[in-house]
Amino acid sequence: MPYRGVDYFALDDLLTEEERLVRATFRRFVDEEVLPHIGHHFRQGTFPMDLPRKLGALGALGSFLQGYGCPGLNAVAYGLMMQELERGDSGVRSFASVQGALVMYPIYAYGSDEQKDRWLPAMARGEVIGCFGLTEPDFGSNPGGMRTTAERHGSTFVLHGEKRWITSGGIADVALIWARTQPEGEVRGFLVERGTPGFSTRDIEGKFSLRASVTSELILQECVVPESAMLPGARGLRAPLSCLSQARFGICFGVLGAAMACYEEALSYCCERKQFSRPLAGHQLVQEKLVGMLEEITKGQLLAWRLGRLKEAGRLRPPQISLCKRNNVRIALQCARTARDLLGANGITDEYQAGRHMCNLESVFTYEGTDHIHTLVVGEDITGHSAFD
Amino acid sequence: MKILVTVKRVPDPEQKIKLKDDRIDLSAANWQLNQFDEYAVEAALRLTEDARNPATRLGEVTVVSLGPAEVQQQLRAALAMGADKAVRVDSRDEDLDADIVARTVEKLVRRDSPDLVLMGKLAADNEGNEVGQRLAGYLGWPQATFASIIEVVEGGKALLVGREVDAGVEMKKVRLPAVVTVDLRIVAPQAIKNGRTPPDHAYPEGPRYASLKGIMAAKKKPIEELTLAQLAIQPTLRVRTVSVRLPPPRKAGIKVSSVQELVDKLHNEAKVI
């Protein structure tokens, strides 16, 4: 039985024709281009390098931007696209998030016309891959402490420092590096091209999670870039944080895709496999688990849909994204764990998807603002008291 | 080349059928574009483009459907693939049969004068396989059914159509204008030769994806809405559904204990050997 989505509350009625068509395109794309190969990539620890151009041909990269070869999708359509991609694998959705929300978006929002013309169309086609260098080995949740510096020498900057946990780092043609200028101490963004002397990358090995995605360290040693590599409009930490809000919005929808894949897999497995006198699905404890998954997915769908409509209306506030990211990643991870449980021993092999999604979602729980940090963002928003420092 | 393509929405063929009051209950149906009609749209697009530069259209593709307002979703899907415009003739599914559909499309063909009508060979709901043949009859046009190959010949005045038959592939030449219904393999990589796309060009297998650009463009493409009355169609059904029943459940099979017993049963009970 082909995958037809999870829609227990007829939420499709809340979607426009365009939004349903976008979802249909990526549903089929994931069935045909992602799922047949993703298990192999996960096992080998490789990123499917054919995907960037295929996604580019469909218009998926930077799809919420308008112009420069980007189609200008609304928020919910973009979210549904991310949902389908993550139904394939969190690593594939991560690639699309980084390319669109973390690299193309800041170039679009803060870049010069030359930077936009040079990078955006090629990145939209998937010919150029980007990565986003904010996190450092010692500064994850607290990016304000970053140690990477950009020292001005006439019309050039000399970059120095180290970035870690960078998605697509090892396959990127251009890295957006966030660094503090010296002596001013202001956070600025620099587009550093692969091959620039003093810039190197090293992939992180031994991951349990996001194995079909490249995660890297970026090393900058006396790396000289022209002033034209700096994003003129991005000043201070607010700029990279605005990118993260874009990316987290995609995650709110994306993880539902992973949760739906796990739910569907567990449901069909439990309906087919017999233990004792009946199918697993005929046992009360199993039904309770399946219902719990469906219930949380349905609530998560409504939350994400509403988040999208607020974004389209220009009324979205970042703490609302935090609440949705926190909830939806939590429930997706719980769905994956429950599915793994219901699949029994089969759930620990990569013949089934649940184990892969479960491992992937551990990363999603931590990246783009940990569960803790999003809790504190909402906590500060409702109490007025910051619990960070 | 001006092509008219008919499309129909059908309930998801993978869904389990439920009966209610002697009818198929479609209240929870998951509607989708009939697969063979999607192939017809793909075939029409391949006939009206140069694959090296698909953005420049070499013809016009109009998609037509009969049905309620919701059918707009399926028409929009065809527009998002690349069709140029659409027509919806407002009607309720229960008020249609193959003859009314054929006569309605006939009116549209006489009004718009396409060079070719492309259709799926059948719809996955009732698998009727008769609208194309009826339409060709009403129009007095040549027809070629179950096309798996289409080649534009004689400078665009005729088509060479390949049909898969038991003995191989039967090639038929039809003068345009004509009615052609398509089979599964019309979306094979080299099934269509339009004289513009290089003959060695290989399309990806299957109908194309609606790209995001295509989906955004489709929002601005026109969907004309008509009624059966505007086309002067008498909505008199020739086929009346008396009742619908599920086939009886299959009886469980038996296990035989020896080859001898199997042969015996095949010979004496089943009488097949």
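How many bridges join strand β9 (residues 143–153) of chain B to strand β12 (residues 178–182) of chain B, and in which sense do the two strands run? In this predicted model, local features need pLDDT of at least 70 and side-chain atom pairs count only at pLDDT 80 or more, whereas totals for chains, interfaces and linings use all residues. Residues are numbered from 1 along each chain as its sequence is written, chains are lettered from A and ligands numbered from 1 in the order in which they are written, and side-chain values use heavy atoms, with hydrogens and water left out.

Strands β9(B) and β12(B) run parallel and are joined by 3 bridges, with A144(B) having V180(B) as its bridge partner in β12(B). Here helices (H or I, at least four residues) and strands (E, at least two) are DSSP runs numbered from the N terminus, and two strands pair if DSSP finds at least two bridges between them. A parallel pairing of 2 bridges links β9(B) to strand β13 (residues 192–193) of chain B, where I192(B) is the bridge partner of I150(B).

In chain A, strand β9 (residues 215–226) pairs in the antiparallel sense with strand β5 (residues 156–167) over 9 bridges, and V225(A) of β9(A) is the bridge partner of F157(A). Strand β8 (residues 199–203) of chain A is likewise antiparallel to β9(A), over 5 bridges, with R202(A) partnered by E217(A).

The domain assignment divides chain A into domain 1 (11–124), domain 2 (130–229) and domain 3 (238–383), the bounds being taken from an automatic or database domain assignment. Between domain 2 and domain 3 of chain A, whose C-alpha centres lie 30 Å apart, the contact (heavy atoms within 4.5 Å) takes 8 residues from domain 2 and 10 residues from domain 3. These two domains of chain A bury about 760 Å² between them, 74% of it on carbon and sulfur atoms, where buried area is the accessible area (1.4 Å probe) that two parts lose on being put together, summed over both. On the side of domain 2, S141(A), S209(A) and L210(A) lose the most area to domain 3, together 49% of what that side buries.

The contact between the chains takes 20 residues from chain B and 24 residues from chain A, and the area buried between them is about 1,800 Å², of which carbon and sulfur atoms give 58%. Of the area that chain B buries against chain A, 42% is supplied by Q73(B), Y209(B) and L212(B), more than by any other three residues. Across this interface the rule finds 3 salt bridges, each defined as a side-chain nitrogen of Lys or Arg within 4 Å of a carboxyl oxygen of Asp or Glu. The side chains of D12(B) and R4(A) meet in a salt bridge (2.4 Å, N to O). The elements that give two or more residues to the side of chain B that touches chain A are α2 (72–81) and α5 (212–218) of chain B, and α2(B) gives the most, with 5 residues.
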